[in-house]
Amino acid sequence: MALYDKLEGTVLNKRWRCPKCQKEVSIKANTIFENGHLSFDQVTLLIYFFAIRMSYDDSNHEASIGESLISPNTVDRWYKIS
Ligand SMILES: [Zn+2]
């Protein structure tokens, strides 16, 4: 399997592709992120905030700047899960 980027709408998503049969599958398939609307990069960013034990307020601030643009509601839901 080879990992590659695929533009879906305005979001750049990561997918696996079999070099023999060309079958594709999302990198989020069969994970808790499968049905979510967040991009791979946004999920990675939120997991990083958890890993370094960033506060809710700081995570909310960091998620709202740059290219991530994760809504405060999304950050709120993630912190309620943890
Ligand atoms: Zn295959």
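In strand β3, valine 25 is the bridge partner of tryptophan 16; strands and helices here are DSSP runs numbered from the N terminus, a strand being a run of E of at least two residues and a helix a run of H or I of at least four. The model is a predicted one, in which local features need pLDDT of at least 70 and side-chain atom pairs count only at pLDDT 80 or more, while totals for chains, interfaces and linings use all residues. Residues are numbered from 1 along each chain as its sequence is written.

The pair formed by tryptophan 16 and valine 25 belongs to the antiparallel contact between β2, which covers residues 11-17, and β3, where three bridges join the two strands; two strands are taken to pair if DSSP finds at least two bridges between them. Six residues lie between β2 and β3 in their hairpin, and within that hairpin glutamine 22 takes a positive phi near 65°.

On the β1 side, β2 is joined to β1 by seven bridges, again with the strands running antiparallel, and tyrosine 4 stands opposite arginine 15 of β2. The hairpin of β1 and β2 has two residues between its strands, and glycine 9 in the turn has a positive phi of about 70°.

Taken together, the three strands make an open sheet in the order β1-β2-β3, with antiparallel pairing. Its edge strands, each pairing on one side only, are β1 (2-8) and β3 (24-26). From one strand to the next the twist averages 40°, where axes are lines fitted to C-alpha atoms (for helices, over the stretch in contact) and angles between N-to-C directions run from 0 to 180 degrees.

Along the sequence the protein chain reads β-β-β-α-α-α, with three helices and three strands in total. Helix α1, residues 40-51, has twelve residues and should span 16 Å at 1.5 Å a residue, which agrees with the 16 Å between its end C-alpha atoms; the expected span is 1.5 Å times one less than the number of residues. Just after α1, arginine 53 takes a positive phi of about 55°.

For the chain as a whole, the C-alpha atoms fill a box of roughly 45 × 25 × 20 Å along the principal axes. Among contacts with a separation of 6 or more, 24% link residues 24 or more positions apart, a contact meaning that the two C-beta atoms, placed from the backbone, lie within 7 Å.
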